[in-house]
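Subject: Structure handover

Hello,

Here is the structure for you to look through. My notes on what I found follow below it.

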Amino acid sequence: MGCATSVYASVGKKKRIVQESVVFVLQLRVPVQSDLQRQLKGVAPKTTVERLACLRNQIQLVAEDTGGSAISELRTALEEYLSLLTGIVKKKNDGMEGCVEFKWKILGDGRRAELCFTNIWMEMLTVIHMMAALALTEANSLMIPKACSDSSNSVRVVSSDCRRDAVDLLLKASGYLEFCIREILTRFPPDIKSKLPDDMQESVLQTLSIQALGQGTEIQLGLAVDSQKATLSVKRRLACEQVIYFSQAYQCLSGCEVVSHGCAKKLLRFIYWKFLEAKAAAYYYHGLVTDKGNEPACHVSAVCCFLAAAELLAESKKACFSFCLALPVTRAPPMWGVMKHLSQKIPEVAFRKSQTYGYLLEEEEKAMQCLPELPDFQLSLRPEEFELPEIEAGSSEGNQTHLLSEHLEDYSDNHDDDEDNDELDH
């Protein structure tokens, strides 16, 4: 999981890439070549079949040649391919169901096809799932800090524009995943649902959608920290919203059977890491707001928040390490944004405030045993609405008579060629 900037590690004589993760990234699936033109002859218009086959092959070749990095080109081809599939679905071309095998495999996996099915809605699910994976991959690449040299030292920075673009991509990915849950998975009977790969299970798709919103909020908090106009109340609200998102995502996935291995296991560890970071930030900013009160109880409550934030911050570093070691192995980027800021501020403020109000803590020993509750806020971010594209012109054209005519013409041409070949042999 993870994409963009990577580091090479020696393993014997081979080199393997240890990927860097800021955003949780799904492994890309790519189409495996299928003989659509033969399998769909007489079922769909000839031009539609040719374009389907051409686009499917293009997606495979571009993805394999570039390792999935040609995101814009892949997205354009996927959208066009999806438009053609939409035309077939809306035409309710039942003759296509079961007559063609759609095959997909994990990018970079030398083994044979991982997925093989004849359900056209399953093909649409896999296409939109790939679009979501590309959006997450692009968001991750934007959030990988870029090396920036100045006169004194070299630092790694992420521009505000990159961060805003990453938020937009996370909302788009969340919208793709929500559409899959709402409009596609509901069409499958239980026996098909049970055979879906882990990262296409409903609980995992729902978790990915929620955590994408949580990461979008995390990036917004980083922008607020960098802004002189953002108040403490705004920062606290964003941190508390982030806690809610990651809490919901964790609860959505933690009770499922799929968390014992693979994608779901790594995703759960990622969410737990981000949940601890978010909670540390929320308690820190809640402590700063509370400390503005004049009553001794306010200061005691604030110190409790700061100490809790320091403990959560330490736990989050362990959770990050656990996430990175879960297969496939990844590495976390250097501290950046809000957590770079808080990793310095939280221990410093917790120590200073506990020293300043030490006498109050001794008097209010009972208060130290009860951690203040974080305020509850209405969540701000929502998935970007996604709908199936407009039907491609010509994708649903052609009645059965026309299709039969095309089929007979192809048969006649092939038959004539065979006769000519026979005459040459004699």
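First, a convention: a crossing is left-handed if the near helix is turned anticlockwise from the far one by less than a right angle, and right-handed if clockwise. The model is predicted, so local features need pLDDT of at least 70, side-chain atom pairs count only at pLDDT 80 or more, and totals for chains, interfaces and linings use all residues. Residues are numbered from 1 along each chain as its sequence is written, and side-chain values use heavy atoms, with hydrogens and water left out.

Overall picture

The chain has 14 helices and eight strands. Both are DSSP runs, numbered from the N terminus: helices are H or I with at least four residues, strands are E with at least two. Of the 426 residues in the chain, 49% are buried. Buried means under 20% relative accessible area, exposed over 50%, and partly exposed in between, with a 1.4 Å probe and protein chains only. Among contacts with a separation of 6 or more, 76% are between residues 24 or more positions apart. Contact here means heavy atoms within 4.5 Å.

Helix pairs

Axes are lines fitted to C-alpha atoms, for helices over the stretch in contact, and angles run from 0 to 180 degrees between N-to-C directions. Angles under 35 degrees count as roughly parallel, over 145 as roughly antiparallel, 65 to 115 as roughly perpendicular, and the rest as oblique. For residue classes, Ala, Val, Leu, Ile, Met, Phe, Trp, Tyr, Cys and Pro count as nonpolar; Asp, Glu, Lys and Arg count as charged; the others, Gly among them, count as polar.

Start with helix 5 (residues 160-184) and helix 7 (residues 202-226). Their axes come within 9 Å and cross at roughly 160 degrees. Helix 5 and helix 7 are therefore roughly antiparallel. Their crossing is left-handed. The residues of this contact divide into 13 nonpolar, eight polar and five charged.

Next, helix 8 (residues 232-254) packs with helix 9 (residues 262-290). The angle is about 155 degrees and the axes are 8 Å apart. That makes helix 8 roughly antiparallel to helix 9. This crossing is left-handed too. Its contact residues split into 20 nonpolar, four polar and four charged.

Last, helix 2 (residues 46-66) and helix 3 (residues 71-90). Their axes come within 10 Å, at a crossing angle of roughly 150 degrees. That makes helix 2 roughly antiparallel to helix 3. The crossing of helix 2 and helix 3 is left-handed. On the helix 2 side, the contact residues include R51, L55, I59 and V62. On the helix 3 side, they include L74, L78, Y81 and L85. By class, the contact has twelve nonpolar, two polar and four charged residues.

Individual residues

Q60 is also found in helix 2. Q60 is buried, at a relative accessible area of 10%. Neighbours within four places in sequence aside, Q60 is in contact with P31, V32 and Q33.

H299 sits in helix 10 (residues 296-325). With a relative accessible area of 13%, H299 is buried. Beyond neighbours within four places in sequence, H299 is in contact with D291, G293, N294, Y357 and L360. The side chains of H299 and Y357 make a polar contact of 3.4 Å. A polar contact is a pair of N or O atoms within 3.5 Å; within protein, one must be able to donate a hydrogen and the other to accept it, and residues adjacent in sequence count only if both atoms are side-chain atoms. H299 and K353 are 54 residues apart along the chain, and their C-alpha atoms are separated by 8.5 Å.

P328 lies in the loop between helix 10 and strand 8 (330-331). The peptide bond from L327 to P328 is cis, with omega near -5 degrees.

T330 is in strand 8. At 4% relative accessibility, T330 counts as buried. A polar contact of 3.1 Å joins the side chains of T330 and K266. T330 and E20 are 310 residues apart along the chain, with their C-alpha atoms separated by 5.7 Å.

E373 lies in the loop between helix 13 (365-368) and helix 14 (400-425). At 72% relative accessibility, E373 counts as exposed. The C-alpha atoms of E373 and Y283 are 9.1 Å apart, across 90 residues of chain.

Best wishes
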